[in-house]
Amino acid sequence: MSATAKLAEFTTSELRLPELVLPRLRDLVLDYIGISAFASNHAENVLAVRAAVDALDPGDGSATVIGEPRGYRSQYAALLNGCYAHSLDFDDTNHLQVGHPGAPVISAALAEAERTGADGSAFLEALAVGYEVSCRVGAAVGASSYDRGFHLTSTSGIFGAVAAIARLRSFGKETVEHAFGLALSKAAGTMQYLANGAWNKRLHPGFAAHDALVCATLAGAGVRGAADAIDGQYGLLRGYSDDPNPAALIEGLGETWTLLETAIKPYPSCRFTHAAVDAALALRARAPETERAQAEIRIDLSPTAMKIVGEPVAAKLRPQGSVDAQFSVYFQVAAAWLDGKLDWQSYQRIGAADLTAMTDRISTEVGDLSAHETVVTARIHDQEYTESVPLPLGEPDNWIGDAALRGKFTGLAEPVYGADRAGRIVHAVAELGAETDMRTFIASLRA
């Protein structure tokens, strides 16, 4: 049996979930809702994307978009929710996948659970298989896919989204294989958005969730998809990677849960900047306040991080918009160093004279470091301060904690829902289970 077939079998099989999986999935759902709600009202790309989707889907459908008053058809609700969840670059990440599993997977599962009237337990099981497939496919493709210009959040995420939908539709193994085969032809998303800070990236999870619904519906109607879509001769691994690791697809499948390696972000920026931000925030407390602006800062990055956030190119040294700034370790560290924080309001500081001057005092170097590991050194006159961060805040082994997660959610959700309603959402997510009517719960997330 091919690895693709084994993933399809896993998608349809009885699950033995470790004790931590369900509470962790509830945390990830809460995080997703807060981010999506805030983005639906504040992300600069939303007005244009919403206008386009309204033109494509002018009716009043039954599917919910978080933070929106009207309903949409399921595939367009999935597109908008996936876009909103990723528009702040604040959504969960998985270091094995080297991507963001939640935005495509939860968006697809929400649309399907609302359509079918699933209960909360079925929804969480769908998320479990969706996350696991997405993370394993990303791990098997590997970071070299970025060298080819692919965005793993979408190219691996569509398979996780298909798995979640298939689970909710109770597909058999063969139908799941066909859906994976069709998804191979829709696995897309490139890193070229970095050239001009384009909004392509923010749409990638939405496209993946939308296309997963289309592929699953085609397969469910009997349309044949390509066999061995992931590990076949012309499958995803060979087409999208220079150094694939096929063993990651099935090694420990059903026993070792890679979804538990998913992190929650404390800052709305590319994950490769986070260790540097952690270091900068720690260092600034040791530096004299009156002399911080005179610091010379050097950031040692991993080779992968350097390619994505550290190259001293114009878009990173002089960001023109939030996407540029989210992928600039220079902007992120300068803002954290000067302001003592890094949040969505930090992007209002793009072009500020003091921040630009601080950016000019920052340099980067490639070090022999793991992917997210960073060393930051600040020199002020003859005094040097150094901070090493092997693992950024929010990773499972450096967990963000319940209080910080709740604080992140309320900070994002209360401007949209108000304090009382945001509190009710927190409670409802914590109680997600067999007694939860997902239609009622999901509809409660509208504006």
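This is a predicted model: local features need pLDDT of at least 70, side-chain atom pairs count only at pLDDT 80 or more; totals for chains, interfaces and linings use all residues.
Which helix is Gly-120 found in? Residues are numbered from 1 along each chain as its sequence is written, and side-chain values use heavy atoms, with hydrogens and water left out.

Gly-120 is found in helix 6, residues 120-141, where helices are DSSP runs of H or I with at least four residues, strands are E runs of at least two, and both are numbered from the N terminus. Gly-120 has 0% relative accessibility and therefore counts as buried, a label for anything under 20% relative accessible area, with exposed meaning over 50% and partly exposed lying in between, for a 1.4 Å probe and protein chains only. Setting aside neighbours within four places in sequence, Gly-120 is in contact with Gly-433, Thr-436 and Met-438, contact meaning heavy atoms within 4.5 Å. From Val-375, by contrast, Gly-120 is 255 residues away in sequence and 43 Å away in space, C-alpha to C-alpha.

Let me turn to helix 1, residues 3-12, which packs with helix 9, residues 157-168, at an angle of about 40 degrees, the axes being 9 Å apart. The axes are lines fitted to C-alpha atoms, for helices over the stretch in contact, and the angles run from 0 to 180 degrees between N-to-C directions. This angle makes helix 1 oblique to helix 9, given that under 35 degrees counts as roughly parallel, over 145 as roughly antiparallel, 65 to 115 as roughly perpendicular, and the rest as oblique. On the helix 1 side, Phe-10, Thr-11 and Thr-12 meet Ala-163, Ala-166 and Arg-167 of helix 9.

Helix 1 also has helix 10, residues 173-184, as a partner: their axes come within 8 Å and cross at roughly 125 degrees, which makes helix 1 oblique to helix 10 as well. The residues of helix 1 that meet helix 10 include Thr-4, Leu-7 and Glu-9, and those of helix 10 include Lys-173, Val-176 and Phe-180.

Between helix 9 and helix 10 there is a loop that holds Ser-170, a residue with a positive phi of about 55 degrees although it is not a glycine. Ser-170 has a relative accessible area of 63% and is exposed.

Now to the sheet, which is open and has 4 strands in the order 6-5-7-8, with mixed pairing; two strands pair if DSSP finds at least two bridges between them. Why is one side of strand 6 and of strand 8 left without a neighbour in the sheet? Strand 6 (362-366) and strand 8 (383-389) stand at the edges, each with a single partner strand, so one side of each has no neighbour there. Strand 7, residues 374-380, and strand 8 pair in the antiparallel sense over 7 bridges, and Val-376 stands opposite Glu-387 in strand 8. In the loop between strand 7 and strand 8 we find His-381, which is not a glycine and yet has a positive phi of about 55 degrees; His-381 is exposed, at a relative accessible area of 56%. Helix 18, residues 329-339, lies across strand 5 (296-301), strand 6 and strand 7, and runs at about 130 degrees to strand 6.
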